[in-house]
Amino acid sequence: MNVELRRLELGDLDTVEEIEQASYPTPWSRSMFVAELRKPSSLALGAYAEAGELVGYAFVSRYVDAWHVMNVAVAAEYRRRGIATTLLERLFEVTASDPRSGYTLEVRVSNTQAIRLYERLGFEARGLRRGYYTDNHEDALIMWREPAVSAGAETA
Ligand SMILES: CC(C)(COP(=O)(O)OP(=O)(O)OC[C@H]1O[C@@H](n2cnc3c(N)ncnc32)[C@H](O)[C@@H]1OP(=O)(O)O)[C@@H](O)C(=O)NCCC(=O)NCCS
């Protein structure tokens, strides 16, 4: 599905919060989104459908040795159309001028759909954070993507 990608702005946050609350058991608060948008080391992209409707978003933030994928979500009725893939691939392009930095993220071990998405984008499992999620003490899978991995790479 064709979507337009643009930097997220504060005016997008009502829709972001709707998608967020429908997507996560422990959604980010408004103040977390505002803080992330204001951080100079963060990048946030929105995906907009033809009518201009915001249908998904992705946040990455630069830490010492890597870009952290902080949050990715797509409105339920727009999933499985490549929108998360498009968002993350664009963020990899935008950050490619930083060739030594890899990408990392944490994902619930039960979130097989997101793990599959990340594997298709070249991320590999690198370990667990035990009991990382406070709502149900679920473990987090730590994933890592090398900077040179080409977008869309399949893993075995
Ligand atoms: C995970 C999420 C962001 C994926 O968004 P999306 O736009 O549907 O993802 P894409 O269409 O780019 O999917 C790419 C690939 O990921 C895998 N994938 C995505 N959703 C999947 C699902 N429900 N079941 C199985 N595989 C899935 C598939 O391999 C898919 O490719 P395919 O459709 O050609 O088979 C979306 O399901 C979501 O918002 N979930 C709730 C929030 C969340 O869990 N975010 C990640 C937290 S770490």
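**The ligand site**

Guide: The ligand is surrounded by 21 residues, the closest being Val 72, Arg 80, Gly 82, Thr 85 and Asn 111. A residue counts as near if one of its heavy atoms lies within 4 Å. This is a predicted model: local features need pLDDT of at least 70, side-chain atom pairs count only at pLDDT 80 or more, and totals for chains, interfaces and linings use all residues. Residues are numbered from 1 along each chain as its sequence is written, and side-chain values use heavy atoms, without hydrogens and water.

The side chain of Thr 85 has an N or O atom 2.5 Å from a ligand oxygen. For the side chain of Asn 111, the distance from an N or O atom to a ligand oxygen is 2.7 Å. The side chain of Tyr 24 places an N or O atom 3.0 Å from a ligand nitrogen. The ligand on its own has 910 Å² of accessible area (Shrake-Rupley, 1.4 Å probe). The protein covers 80% of that.

Next, the shell. Strand E4 (66–74), helix H3 (83–94), strand E5 (102–108) and helix H4 (112–120) each give two or more residues. H4 gives the largest share, six residues. By type, the shell holds ten nonpolar, five polar and six charged residues. Here Ala, Val, Leu, Ile, Met, Phe, Trp, Tyr, Cys and Pro count as nonpolar, Asp, Glu, Lys and Arg as charged, and the others, Gly among them, as polar.

How values were computed: A polar contact is a pair of N or O atoms within 3.5 Å; within protein, one must be able to donate a hydrogen and the other to accept it, and residues adjacent in sequence count only if both atoms are side-chain atoms. Helices (H or I, at least four residues) and strands (E, at least two) are DSSP runs, numbered from the N terminus.
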